[in-house]
Amino acid sequence: MSGSKCTRLTGALVKPVLDSVDSVLFDCDGVIWRGDQAIPGASQVINLLKESGKKVFFVTNNSTKTRKMYVEKMTTMGLNATEEEVFGTAYCSAMYLKNECKLEGKKVYLIGSNAMKDELQAVGIQQTGVGADHISGKQVDWANVDLDPEVKAVVVGFDEHFSYMKLNRALQYLIRQGCLFVGTNRDTRLPLEGGKAVPGTGCLLQAVETAAQRQAQTVGKPNRYMFDCVASQFGLDPSRCLMVGDRLDTDIMLGSNCGLKTLLTLTGVSTVADTEAHQKSGCTERQGMVPDYYVESIADLLPALQG
Amino acid sequence: MAGAFGFKGCQKIRGPQIRNLLEAKDFILLDCDGVLWHGEKAVTGAATVVNSMIRNGKNVVFVTNNCTRPREKYVHKFSRLGFTDVMLEQIFSSSYCSALYLRDVVKITGQVFVMGCEALRTELQEAGVPCVEEAEDPDATIYNCALAPDVKAVLVGHDDKMTFLKLAKASCYLRDPDCLFLATDIDPWHPLSGGRILPGSGSLTAALEVSSGRKATVIGKPSRFMFECISSQFKGVDPAKCLMIGDRLETDMLFGSNCRLDTMLTLTGVSQTKDAEEYRDSELTTNHSFVPDYIVDSIADFLPAFDEQEEQSN
C-alpha cells in the first residue's frame, strides 16, 4: 500500500501499478457499464489485461443476474468473459447458503429474483416466495399466513415484486426458532438516468430487519465473503490483487478489508470530494474507504496496456 | 411522583396509592391497543375505569399510534366495547395528528404522497390536505411511470398495499430537499391478539430512510407532537398534572418522558416488568427515559380507587 493515498493514476504511474498485481477484480455497474451502456474503452481494457496475462474477475452486488446472464451481457459489449470469472451476489449467496449455512437439500423463503432462484437451484437449495405476492384478506389472516415448515432461512435480494405481504411472510418465518437470515447486500440505491432512483436491496433488507428486530448476515461487498469466494477458487494473493470500483463504501471498503490495492473510477457513484471527506475525517473505518488510486474512467488504463 | 431517590423506578402501585395519584392529576392520557382492548375484546374493567375517570371530572384523552382507523370509527369502537360518552375530540390518532401537522404546522400548499391505508388518506382529506391520487396501473414500473407534480410531502404509515413501485415513487419525491418526509409512527411491528405480530409503519419508514438518506419527522409517539396537539386543543394542560398510561416502553413511556409527564405501564400489552427493569438497570442514562414511574397489572387496578371514592361520597 502506498504511503500517500488517492493518487491520480495517469501516464507513467499506470504500468508499475499494473505490473505489481497478478489479478484485477472489477465491479460492474458504474465501472464497465452504466445500465445497458458500455463505458467507452472498458471492454478493450479488460480484454487487454487478460491478454497480458492478468487474471480478471467481476465482483458485483447486483443479485438480478445469474453468472450466465452476466457473460451474455458482457459478450454483447465485446468483453471476453467466462462464467467462472463472474461473482455476483446471486451466485455468492447460493454458495454461502450451501457452504456456510449447510442448506443444500433444504428450503429457503426468498425475496428476490428468478436469477437468485436459479443460482440456488444450481446448488440444490429450494425456494418459496419468488414472484408477485399481493395482499388479500384481513389482518388476522396475514398474521396466520401458511408457513412452509421446511423453510430454514429467509433470504433477501433485489425484488421488484417486494410488497407488504412479502415483508409479512419474511417476518413470520423469522420469528420462528432457528430461522437463519441472509441478505445479498446493503446498496441503498440503483441510480437511473432521468432523475429517478430505484431503491436498492438495502432498503428491502432494512424493512425486514426493522420488522423482525434482527440483523441479517450480508454476503455482498464490503463483506469480505465475496473476495474469499474468488480467492478460494483461484488461490489469489491479496497483495497482488487490484480492486477496481466506483463506490467507496462497497468496492474500496472490500479492497481495504481484504488487503488489496484499490482503484476508484469516477464513472459511477463516488467522487473525489467523497474520498477527501473520508480522508479528512479522523475515523479509522472511513480511512478504509479512501482508495490508493483513482482514474476518471478505466479507459485511462488503455495507453499503458497498448504501449 | 417520581421515585424517592430521584430516579424513576417501576413502582408497583395499588388501591389508595392510585387514588392519591388520580387526585393529583387533571389529564389522563391513555393508549388504546393493549391497554383498553385487544382487537375487539375490551380489557376486563377498562370501560368501567374510563367511564369513572370521566365521571370524576378527569380530562381523558386517547393517544394512539394506530393510523388504520379514522376517528369516527374509533368513536364507534369505543361505544361498541362499552366505553360510554367518548367523543371525537378526545381521540388523538397518529393519522389525525399527521393531518393537523400538514395543515397547521407546515401549512402545506402542494400535494402529499401517502404510503398508508385509506384511514390515513381520509383524515388528510377531511383536513383539506390534498393527496396524490394513485392510479391503478398494473403495468407501470418505476422506469415508465409518471410522477405527480408539486408533491411537497411524503407521509408514511401502515401500508398493507405497499409495493416496490410505491417505495420507488416515494424515493423519487424525496430527492427534492423541499419535499417533507413524515412518518405517522416508527413502531417496528404491531401486536395482534394471540401473540401474533405484523410489520409496522416503522419497517416501511426505515426502508425509505435508507433509499433517501434522510430521516423522517415522526408524528406519533414517542415524538412530542401529539402532546402539542392535545395542549393546543384543551385549555390548561399542565404536564405536571398529566399521567400517561400505556403498554409499550419504546413508544408510550418514552413519549411520556419526552413530554415531562408521569408515566404508568400496564402489563396487559407489549412490554413486561423485566423489560422495564432492564432499561432501569442499564448504564446508558438515555435508557432511563423508557422506564415507567408506575406499573399496574391492568387498567382494572384502578377500580378499587373509584369504589372507595364512591363509598366516601355516599
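**Entry 1. Lys221(A)**

I looked up Lys221(A) and found it in the loop between strand 13 (217-218) and helix 9 (225-234) of chain A; helices (H or I, at least four residues) and strands (E, at least two) are DSSP runs, numbered from the N terminus. This is a predicted model, in which local features need pLDDT of at least 70 and side-chain atom pairs count only at pLDDT 80 or more, while totals for chains, interfaces and linings use all residues. Residues are numbered from 1 along each chain as its sequence is written, chains are lettered from A and ligands numbered from 1 in the order in which they are written, and side-chain values use heavy atoms, with hydrogens and water left out.

The UniProt annotation "binding site", from an unreviewed entry, covers Lys221(A). UniProt positions are given in the numbering used here, feature names are shortened, and annotations may be inferred rather than shown by experiment.

Is Lys221(A) buried or exposed? I noted 3% relative accessibility, so Lys221(A) counts as buried. Buried means under 20% relative accessible area, exposed over 50%, and partly exposed in between, with a 1.4 Å probe and protein chains only.

I then listed what Lys221(A) touches, not counting residues up to four places away in sequence: Asp27(A), Val59(A), Thr60(A), Asn61(A), Met226(A), Met243(A), Thr250(A), Asp251(A) and Leu254(A). Contact means heavy atoms within 4.5 Å. The side chain of Lys221(A) reaches the backbone oxygen of Val59(A) at 2.8 Å. A polar contact is a pair of N or O atoms within 3.5 Å; within protein, one must be able to donate a hydrogen and the other to accept it, and residues adjacent in sequence count only if both atoms are side-chain atoms.

**Entry 2. Helix 9 and strand 2 of chain A**

I followed the chain into helix 9 of chain A, where Tyr225(A), Met226(A), Phe227(A), Cys229(A), Val230(A) and Ala231(A) are buried. These buried residues pack against strand 2, strand 5, strand 6 (86-88), helix 4 (89-99), strand 14 and helix 10 (248-258) of chain A. After helix 9 of chain A comes Gly235(A), with a positive phi near 60°.

Strand 2 (residues 23-26) of chain A is covered on both faces: Ser23(A) and Leu25(A) are buried on one side, Val24(A) and Phe26(A) on the other. Four bridges join strand 2 of chain A to strand 5 (residues 55-60) of chain A, and the two run parallel. Two strands pair if DSSP finds at least two bridges between them. Val24(A) has Val56(A) as its bridge partner in strand 5 of chain A. Strand 2 of chain A is also joined by four bridges to strand 14 (residues 241-245) of chain A, again in parallel, and there Ser23(A) is partnered with Cys241(A).

**Entry 3. The annotated residues of chain B**

In chain B, the UniProt annotation "binding site" (unreviewed entry) covers His190(B) and Lys221(B). They are spread over 32 residues of sequence but cluster in space, with a largest C-alpha distance of 13.7 Å.

I placed His190(B) in strand 10 (residues 189-191) of chain B. The side chain of His190(B) makes a polar contact with the side chain of His158(B) at 3.4 Å.

Lys221(B) sits in the loop between strand 12 (217-218) and helix 8 of chain B. Lys221(B) is buried, with a relative accessible area of 2%. Which backbone oxygen does the side chain of Lys221(B) reach? I found that of Val63(B), at 2.8 Å.

Thr64(B) is among the residues that Lys221(B) touches. Thr64(B) belongs to strand 5 (residues 59-64) of chain B and, at 1% relative accessibility, counts as buried.

**Entry 4. The sheet of chain B**

I traced an open sheet of seven strands in chain B, with the order 1-15-14-13-2-5-6 and parallel pairing. Strand 1 (11-12) and strand 6 (91-93) of chain B stand at the edges with a single partner strand each, so one side of each is left without a neighbour in the sheet. Strand 1 of chain B pairs with strand 15 (residues 294-296) of chain B over two bridges, and Gln11(B) has Tyr294(B) as its partner there.

The buried residues of helix 8 (residues 225-233) of chain B are Phe225(B), Met226(B), Phe227(B), Cys229(B) and Ile230(B). They pack against elements including strand 2, strand 5 and helix 9 of chain B.
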